[in-house]
Amino acid sequence: MDIDVRGPRFGAAVTTVVLAAVLVAGSGLLLAWQALAFAAGAVFGVQRSPYGWLFRTAVGPRLGAPTELESPTPPRFAQGVGLAFAVIGLVGYFWGPEWLGLAATGCALAAAFLNSAFGYCLGCEMYVLLRRVTAVRP
């Protein structure tokens, strides 16, 4: 079942704010929350993640019917990529070196910002590229 394209973009906007707060506060605990949100999106799908739920219940109904839909698979893959960066960031924040936490969080923030501001999902593009590379050709 396809999803409203505005949902993942809304989630990316919330993620951008959370990750910026992580960098400003240097908070590994806040990054742990974001890692859990990424994990929910990767395991259960973006529509069932905390930010997807917020969009579906509070934001989406106020916007009206979607004019564009997309497959949920690329955004779900992107959540997994975000989770990988968040886990690397958690290692840096809790066990060191701290620069690793900052760098991984910064990379995830850059990707989330690109999606929220411009609708360009790096993780989704990675998914499409991997599908092309691994496709069986006759």
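The chain comprises 6 helices and 2 strands in a model that is predicted rather than experimental. Read from the N terminus, its elements follow the order β-α-α-α-β-α-α-α. The radius of gyration is 15 Å, close to the 14 Å that the globule rule gives for 138 residues, so the chain is as compact as a globular protein of that length. Along the principal axes, the C-alpha atoms occupy a box of roughly 50 × 45 × 25 Å.

Contacts within the chain can be considered next. Among those with a separation of 6 or more, 70% are made by residues 24 or more positions apart. Buried residues, meaning those under 20% relative accessible area, make up 36% of the 138 residues of the chain.

The interior may be described through its nonpolar residues. In soluble globular proteins, nonpolar side chains tend to be buried together. Here the largest nonpolar core has 10 residues, namely Leu 19, Val 22, Leu 31, Ala 35, Phe 38, Ala 86, Leu 90, Tyr 93, Ala 108 and Leu 109. Two or more residues of this core come from each of α1 (6-25), α2 (28-44), α4 (73-95) and α5 (98-118). Leu 109 is a member of the core and, with residues up to four places away in sequence left aside, touches Thr 16, Leu 19, Ala 20 and Leu 23.

The surface and the charges complete the description. The side chains include 9 positive and 6 negative ones, with the centres of the two sets 6 Å apart.

Key: Residues are numbered from 1 along each chain as its sequence is written. This is a predicted model: local features need pLDDT of at least 70, side-chain atom pairs count only at pLDDT 80 or more; totals for chains, interfaces and linings use all residues. Side-chain values use heavy atoms; hydrogens and water are left out. Helices (H or I, at least four residues) and strands (E, at least two) are DSSP runs, numbered from the N terminus. The radius of gyration is taken over C-alpha atoms; the globule rule is 2.2 Å times the number of residues to the power 0.38. Buried means under 20% relative accessible area, exposed over 50%, partly exposed in between (1.4 Å probe, protein chains only). Contact means heavy atoms within 4.5 Å. Lys and Arg count as positive and Asp and Glu as negative; His and the chain ends are not counted. The place of a charge is taken as NZ of Lys, CZ of Arg, CG of Asp or CD of Glu. A nonpolar core is a set of buried Ala, Val, Leu, Ile, Met, Phe, Trp, Tyr and Cys residues joined through side-chain atoms within 4.5 Å.
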